[in-house]
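Look at the model first, then work through the points by topic.

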Amino acid sequence: MVPFNVLTATVTDIEELLNNGTLTSEVVVAEYLKQIDRYNGYLHAVLAIAPKQLLIERARFLDQERAAGRVLSPLHGIPLLIKDNIATHPDLGMDTTAGTLALVGSRVPESAPCVAQTFPPLEVVDEADYRKLQAAGAIILAKANLSVNVPFAAIGLHMPTGWSAVGGLTQSPYVIGGKRWDDGFGGHSAAGGSSSGSCAGVAAGFAPAALGTDTNGSILMPATRHDVYAMEPTLGLISQDGICPISFDFDSAGPIARSARDIAILMDVLVDRKQAKNIPNGTYTSHLTGTFDGIRLGVLEPKEWHMPAIAVTPNKEVDEQQDADVAAAYESLKSLGAIVKQVEVASLDELVVDGMSQIQRVMDSRFRQAINSYLSKLEGSKVQTLDQLMQFMRDNAKQEMPPESPNMTRLEMAAAFNITEHEYQDALADMRDFGRRRAVDKCLKEYGVDIILGPGDSRINELYASAGYPMAVVPLSYASFNGRPLGMCAVSTANQEGFLIQFMSAWQAHFNTERQLPTWIGGDPNGAAKSEL
C-alpha cells in the first residue's frame with residue numbers, strides 16, 4: 001500500500017517519506033498520474049501531461065541523486081503542475097498554449113526563468129541556477145488548464161472562468177453537480193479563474209503543489225474555491241519572462257499548495273534574489289513561526305466586500321455564511337492573541353475615471369504590444385500577431401469558445417483600445433498612487449497594522465493589483481449551499497512576503513485544521529456523478 005494520500009499529502013509530507021526511504025520519486029509520480037487518469041476526464045484541471053518515459057527518467061535520476069546524498073532542495077523529486085500560460089521548453093514534451101488551439105504545436109524558445117530548462121541531465125552550476133523549479137529538483141508533471149479569456153484579455157463577455165479551447169471547462173472537485181451556466185461567469189459553482197486548473201489540480205490530488213499566475217484576482221479567486229494556500233508576491237519579485245502576458249504592470253506567477261510551509265519552500269526557489277528584500281536568513285521558511293506574535297491585523301467588514309453581481313450571481317445564503325464565518329475568524333484571532341483592528345480603505349470608486357477603471361485602462365493600453373511581442377518569438381506557430389490570433393479564433397469559433405458564450409467582445413475591446421503614451425503614464429501613476437499611497441499604505445499607517453485581511457470572495461484583488469503588492473490566500477470554511485470552500489485574503493505592502501508567510505503559518509496552526517476532502521471528483525456537470533471519498 002502506498003504510504004501517502006494524494007488528496008492530503010503536502011510537499012513536506014512527501015519530502016519526509018523520500019528522505020527516510022519509504023518512497024521513491026518514481027512511485028510518487030506514478031500515483032499522481034493515476035489520479036489524473038482517474039479524474040481529469042471530468043475535472044479538466046490538466047490539459048497536457050509530460051510523456052511518461054520522460055517523467056520516469058527524471059524521477060529515477062533524482063532518486064539516484066538522493067541515494068548518493070545529493071539532494072538539491074525540499075522540492076527534490078516532487079511533481080508539480082504548471083499553468084499553461086507559463087513557458088515550458090518543448091523538451092519537456094508539452095506545448096505552451098495559454099489554452100488556445102492557435103498555439104498548439106508552437107514552440108517557445110526556452111522555459112520561463114522560474115521553471116528553467118534543466119531537464120535531464122540535471123546540473124546546478126551556481127546558486128542563481130538553484131533558484132529555478134527544475135534546478136531545485138522539481139518534476140514538471142503536467143500543464144494546468146486555465147481561463148483562456150485571461151491570457152487574451154477576456155476574449156468574451158461573461159466567458160466562464162476555467163474555460164479553454166484546449167482543456168475544456170475546469171470543474172471544482174468540491175461542487176456538487178458542476179458549473180451552472182446561470183450562475184455568473186465566476187459564480188459559486190465555478191472553479192474560478194484564471195489559475196483554475198492549478199488550484200483544482202492541487203485540491204483533487206493531481207500534484208501536491210502548482211504554479212499559477214495572477215493579473216487581477218487570477219490566483220485569488222480559484223484559490224478561495226479550492227481550500228488551498230496561495231500567494232502572489234510583489235510585482236517583479238518572480239520573473240515575468242516566459243509568461244504569456246496580459247500586462248507587465250500586473251502579471252505575476254505565484255505558488256499554490258496545501259500548507260504554508262510548502263508556499264515558503266516554493267517562494268525560496270521562485271523568487272529573483274536580485275529583487276528580493278526583507279528575507280531574514282535568506283529564506284522565507286525562516287518566517288514559519290506558527291504564531292501571530294508581532295503581526296498586527298487590519299480587518300475589513302465582510303458585508304461591505306461582497307462580489308459584484310456581474311461576476312457572481314448573488315446568493316444570500318452564501319453571502320450570509322461568508323459574513324458570519326469571517327466575523328467568527330476575526331473574533332478567534334483576537335482570542336489567540338493577535339492584534340486585530342477594524343479598518344477601512346479608500347473607496348474603489350476612486351479607481352474609476354471617466355467611466356472606466358484605471359486598472360482596465362492600464363491593462364488594455366499595452367495589451368496589443370505585449371501579446372504581439374510574445375507571439376513573435378514563437379517558432380512554428382499558426383499565429384504571430386494578435387490580429388492573426390483573433391482571426392484564428394473567429395475561423396474556429398465553435399472550438400475556441402463555449403456555446404454559452406460565443407463572442408470575442410472583450411478581446412476586441414482590448415485589441416482596439418489605444419491611448420497615448422502620456423495618457424498611459426498618467427493612468428498608471430494614478431492607479432499606483434491609489435493602490436499604494438491612498439489605499440494600502442495609508443490604511444496600514446493610519447491604523448498601525450501590518451496586514452489587511454478580508455474575505456477572499458470580494459473585490460480585495462483591486463487593492464493589491466492596483467498597487468502591485470503581495471497577497472496571500474488561506475482556507476476558511478465550506479459553503480453549506482454547495483460545498484465550495486471559502487477563503488480569506490491577506491494584503492500587505494511591498495516586499496512583505498515574510499509577514500504574509502508568518503501569518504499563513506499561524507493561520508494553519510489554529511484554523512481550518514479539520515479540512516474536508518473534495519467529495520465530487522467524478523461524473524458530469526448535470527449531476528450524474530458519484531462520490532468516492
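The second largest pocket is lined by 18 residues. Nearest its centre are D241, G242, I243, Y374 and K377. The model is predicted: local features need pLDDT of at least 70, side-chain atom pairs count only at pLDDT 80 or more, and totals for chains, interfaces and linings use all residues. Residues are numbered from 1 along each chain as its sequence is written, and side-chain values use heavy atoms, with hydrogens and water left out.

**The second largest pocket**

- A pocket here is an open set of points on a 1 Å grid over the protein atoms alone, where a 1.4 Å probe fits, with protein on both sides within 12 Å along at least five of seven lines. Lining residues have an atom within 4 Å of a point.
- The second largest pocket holds about 310 Å³ of space. A volume is the space filled by probe spheres set on the points, and grid points are joined across faces, edges and corners.
- Its lining has 11 nonpolar, four polar and three charged residues. Nonpolar covers Ala, Val, Leu, Ile, Met, Phe, Trp, Tyr, Cys and Pro; charged covers Asp, Glu, Lys and Arg; the others, Gly among them, are polar.

**The chain as a whole**

- The chain has 16 helices and 15 strands. Helices (H or I, at least four residues) and strands (E, at least two) are DSSP runs, numbered from the N terminus.
- The C-alpha trace spans about 60 × 60 × 50 Å along its principal axes.
- The radius of gyration of the chain is 21 Å. This agrees with a compact globule of 533 residues, which would have a value near 24 Å. The radius is taken over C-alpha atoms, and the globule rule is 2.2 Å times the number of residues to the power 0.38.
- Of the 533 residues, 62% count as buried. Buried means under 20% relative accessible area, exposed over 50%, and partly exposed in between (1.4 Å probe, protein chains only).

**Cysteines**

- How many disulfides does a search of the whole structure find? The search finds zero. A disulfide is a pair of cysteine sulfur atoms within 2.5 Å.
- The closest cysteine sulfur to that of C199 is in C489, 13 Å away, so the two are too far apart for a bond.
- C443 is in no disulfide either, and the nearest cysteine sulfur, that of C489, is 13 Å away.
- C199 is buried, at 0% relative accessibility. C443 is buried too, with a relative accessible area of 2%.

**Backbone points to check**

- Most residues other than glycine have a negative phi, and most peptide bonds are trans.
- G193 and S194 are joined by a cis peptide bond, with omega about 10°. S194 sits in the loop between β5 (168-169) and α5 (196-203).
- D227 has a positive phi, near 60°, and is not a glycine. This residue is in the loop between α6 (220-224) and β7 (229-232). D227 counts as buried because its relative accessibility is 5%.
- N495 also has a positive phi, near 65°. N495 lies in the loop between β15 (485-491) and α16 (497-510). It is buried, with a relative accessible area of 14%.

**Sequence and space**

- M393 lies in helix α11 (residues 386-395) and is buried at 0% relative accessible area. M393 and I82 are 311 residues apart along the chain, and their C-alpha atoms are separated by 24 Å.
- N85 lies in the loop between β2 (79-83) and α4 (127-130). At 4% relative accessibility, N85 is buried. Its C-alpha atom is 25 Å from that of Y424, 339 residues away along the chain.
- Is H44 buried or partly exposed? H44 counts as partly exposed, at 28% relative accessibility. Its place is the loop between α2 (25-43) and β1 (46-49).
- I56 lies in helix α3 (residues 52-67) and counts as buried at 19% relative accessibility. I56 and A30 are 26 residues apart in sequence and 8.5 Å apart in space, C-alpha to C-alpha.
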